[in-house]
Amino acid sequence: MASKLNSQLPKPYLTIRDQLIAQYHPLQIEQREHHTFCNFSDTNPVYQIVKEACIELGFIEIDAEAIAQAWQKNNPLIDQFNHLDWPVTPDLFQIKGPNSETSFPTCPKKLGLYVVAPTADWIEKLFIAGVPTVQLRFKSDNHHAIRQEVKKAVEIAKEFPGQLFINDFWELAIEFGAYGVHLGQEDLDTADFNVIKTNGLRLGISTHGVAEMQRADQISPSYIALGAIFPTNLKIMPTAPQGLARLDFYTKLVGSYPLVGIGGVDETNLDAVLKCRVGSVAMVRSVINAPDYRAAISQLQAKIQTTQVDI
Ligand SMILES: Cc1ncc(COP(=O)(O)OP(=O)(O)O)c(N)n1
Ligand SMILES: Cc1nc(C(=O)O)sc1CCOP(=O)(O)O
């Protein structure tokens, strides 16, 4: 495989690196970060070979680093290097899983069809159509409008058995008594987790790779969302679509949490996503933009029921 990196590895190690790249090519995705050199924080050859291989496979640098460190822990000696031994156990990545003392209130491992909706009116239509899990993702700069929309969505949700998560506005979600909140990585710097937790709200966190999963694990949320699996034009994603092979790897690392797959999921790829052991699949366009959203929901629900694997 032709190298895009200007490699710093000694020549004998390049063969091992290329063997790794060939073995794990299903994990390869188009790189968004462009590297010329790889920075090494350790002189261990296993770490260095794996980090370069991961950069070539298109992992962002912070994830390449995390995978290289896990590999080094599992397989530290270069003369016993086994290129088939990709690390998948959570403890090699310092992922502990839900912590019963510090974690958030639990939610079902199988949240089922999870529709992310732009307005409270949609929340009502989705609950009436039998969607078990919904999220209000209302994007506005108008504080009054946001407050009204969250209040309305929570009031509607109280009439139905399903779960409502509020995206971003965790203080309003607490004030009006939502089932839970969903936060992205940027929101994690400012949200007050203790307040969310002590008010009994569930917390879902977005992740897009290994390092973000490690960060989410330290917070021990109610669920972890893994995205974007496939391309989506709903918003500009900072990282490239991760694909099914990586989804399968990620669910091995954080499978002790309820997991939600998101990003470009539709009827055609739903089976493949469920086979990667997520308990829930979140969608926007496949439902909200469908010519007949009720029919779309019925088809998606039926497929989830027949395809979902034991987790
Ligand atoms: C279930 C689920 N997963 C991921 C997201 C994305 O949330 P976030 O990273 O906060 O980005 P925005 O939705 O605010 O654009 C989500 N909303 N739901
Ligand atoms: C809102 C959102 N967050 C994502 C993430 O990966 O964090 S992907 C996404 C959009 C999902 O929309 P659709 O189902 O139409 O592709």
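Me: Which elements do the buried residues of α12 pack against?

Reply: Happy to start there: this is a predicted model, where local features need pLDDT of at least 70, side-chain atom pairs count only at pLDDT 80 or more, and totals for chains, interfaces and linings use all residues. Residues are numbered from 1 along each chain as its sequence is written, while chains are lettered from A and ligands numbered from 1 in the order in which they are written. Helices (H or I, at least four residues) and strands (E, at least two) are DSSP runs numbered from the N terminus. With contact meaning C-beta atoms, placed from the backbone, within 7 Å, the buried residues of α12 pack against β1 (112-117), α10 (270-274), β8 (280-283) and α11 (285-288).

Me: Within what arc do the buried residues of α12 fall?

Reply: Buried means 20 or more other C-beta atoms, placed from the backbone, within 10 Å of a residue's own; exposed means 12 or fewer, and partly exposed lies in between. In α12 the buried ones are Ala296, Ile297, Leu300 and Ile304, with Ala295, Ala302, Gln305 and Thr306 exposed on the other side. Going by directions from the helix axis to the C-beta atoms, the buried residues of α12 line one face because they fall within an arc of 100°.

Me: Which strands each supply at least two residues of the shell around ligand 1?

Reply: That shell holds 16 residues, Gly184, Ser206, Ala225, Ile262 and Ala282 being the closest; a residue is near if its C-beta atom, placed from the backbone, lies within 6 Å. The strands are β4 (180-183), β5 (202-207) and β7 (259-262).

Methods:
Contact = placed C-beta atoms within 7 Å.
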